[in-house]
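Me: I have a model open and want to learn how to read it. Where do we begin?

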Amino acid sequence: MNTLTVKVGDVLIGSAHPIVVQTMCNTPTSDIEATLAQCRRLASAGAQLIRITVPSLSDVPHIGEIRSRLCSEGIFVPIVADVHFSAEIAKALVPVVDKIRINPGNFHPEHQRARELFGEFLDLCKEHGKAIRIGLNHGSLGKYIIEKYGNTPEAMALAAMEWVKMCMDKEFYNAVVSLKASNTVVMVEAYRILARMMQDEGVVFPLHVGVTEAGNGDSGRIKSCVAISTLLSEGIGNTIRVSLTEDPEKEIPVAQYLAHRYSSAAPAELSEREEYILKAACDWGAPLLNRDIDDVPIQDDYLREELLQACRRRFYKPEYIACPGCGRTKYDLENTFNKVKEATSGFKDVVIAVMGCIVNGPGEMADADYGYVGEGAGMVTLYRKKDPVLRHIPENEAVGKLVELISSDQAK
Ligand code: SF4
C-alpha cells in the first residue's frame, strides 16, 4: 500500500521501504546499566527501533542518558519512548528521544482536553522534527470511544482516525499508527478498516502492526504470525513488533522472518523447527482467518491445533493473554506465566490473562475471563473479568488462588 514515509532518526518507515523490525526493553528504565546492556544486545540482534517505557517524569533523563550513551558507542538505533496517560511526560520527551508512542485519548479523562493536549504535543514534535506513534489497543479504548462507537474493530479504527485527522489538520505527517489487539480476528479487521479509511481520506500513514499480549513459546509465535502475515500479504504494515512474554531478543528473528517474507528486509537465521512453525503460520493464517478453509490439511496434530486456535476457529485449551513485560513489570513474568499455564491447562472455554503491572494490565487484558496482575512488592491482584476479586495476595499463593477461583466458578 502506498503510504507516507516517516523518519525516525535515520530509519525510514513506509512507502516502498523494507518492513522495519522493532522491539521493547523489559528492564526498569531507571536501571540505566541494565537497559543499556539490553539495548546493545537488541541492536546487535537486529532491532531497528527500540522502545523503552517512561513511567514517570523522573525517567525522562534516564532515557536521555541511555540514548546518548548508545550514540557515543556508535549504536544509532532510534529510541522510542512509551508513554501512558501523561501529556506532561510525552511533551518532556520530545527533545530527548527519536519517537514517542502515545494513546492521545488517555491524555485526559475529558475528551476535549485530551484533544487540546494532543494538539500542543503535535506542535512540539513538529518544531523538533520528531516522530510519533498513535497507539490504540483494543483493551484500552477509553470511555469516550466505547460510549460513542462501542468496542469493535470499527470503533478502534474510528478512534484512530480522529487523531489521524488532527495530524492532517496540523500538517503533521511524521506519525505511525497502530491498532493492536490480542484477538487475531479483531486485530486483522481493525487494521483493514483503518487502512481503508485512510485511503478514503487520501493520506495513508504507515502502520505499526502487532498482536498484543500474544503470550510465549509456539503459541505466541503462531498467534503473532497468523495475524501479522495476513495483513502484510495484503500490503498492510510497514513496521512490526512480535510481542512475546520472553526475552525481547527472541522476538527479533520471528519479526525478521516476517519482514523478509513480505519485503526486501534482511533474512533471519532460524532453527529448522522455528522456521517450520513460522512458515506454517504464514501459509495457513490468512485462509483460516478469512474463513476460506475450515481445517488445516497437515499430519502434525499439535501444529494443526495451535493454528486453529490462533485463528480462533477451534479452542483446544484455555486461551492465554500475557503482556510481554516492560520497565513497569515488577516480577518474574515469564516464569509466572509458565506456572499459570501449567496449573490451568485442564480448564476449558476460558481466557486467562497474566499482566505485568497494575497500571496498564487491567485495562489491556481486554476480554479475559480471569486476570493475574502483578501489583509490585511481591503482591498480586486476581480479576474476574474487569473486577478485582482478590487483592494483595502474596506471589507464592497467587497461582493456587487463581486455580481455586476458576474451579469454584466452573463448579457453579
Ligand atoms: S501491561 Fe505489561 S507491557 Fe503493558 S505497561 Fe504493564 S508491564 Fe508493561
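**Reading the model**

Reply: With the ligand. Remember that this is a predicted model. The shell around the ligand consists of Cys-323, Pro-324, Gly-325, Cys-326, Arg-328, Thr-329, Met-355, Gly-356, Cys-357, Asn-360, Gly-361 and Glu-364.

Me: How many residues of that shell are nonpolar, polar and charged?

Reply: The shell around the ligand has 5 nonpolar, 5 polar and 2 charged residues.

Me: Now helices. What describes two packed helices?

Reply: Two values do: the angle between their axes and the distance between the axes. Take helix H4 (residues 111-128) and helix H6 (residues 153-169) here. They pack at about 45 degrees, and their axes are 11 Å apart.

Me: Why are H4 and H6 called oblique to each other?

Reply: Angles under 35 degrees count as roughly parallel, and 65 to 115 as roughly perpendicular. The angle of H4 and H6 is about 45 degrees, so the two helices are oblique to each other. Their crossing is right-handed.

Me: Which residues make the contact?

Reply: H4 supplies Arg-115, Phe-118, Gly-119 and Leu-122. H6 supplies Trp-163, Met-166 and Cys-167. By class, this contact of H4 with H6 has 5 nonpolar, 1 polar and 1 charged residues.

Me: Step back to domains. What does the domain assignment give?

Reply: For the protein chain, domain 1 (6-280) and domain 2 (319-411). Their centres, taken over C-alpha atoms, are 25 Å apart. The contact takes 25 residues from domain 1 and 20 residues from domain 2.

Me: What classes of residue are on the side of domain 1 that touches domain 2?

Reply: That side of domain 1 has 7 nonpolar, 15 polar and 3 charged residues.

Technical notes. Residues numbered from 1 in each chain as written. Predicted model: local features only at pLDDT ≥ 70, side-chain atom pairs only at ≥ 80, totals over all residues. Near = placed C-beta within 6 Å. Nonpolar A, V, L, I, M, F, W, Y, C, P; charged D, E, K, R; others polar. Axes fitted to C-alpha atoms, helices over the stretch in contact; angles between N-to-C directions. Helix = DSSP H or I, 4+ residues; strand = E, 2+ residues; numbered from the N terminus. Parallel < 35°, antiparallel > 145°, perpendicular 65-115°, else oblique. Left-handed = near helix turned anticlockwise from the far one by under 90°. Contact = placed C-beta atoms within 7 Å. Domains from an automatic or database assignment.
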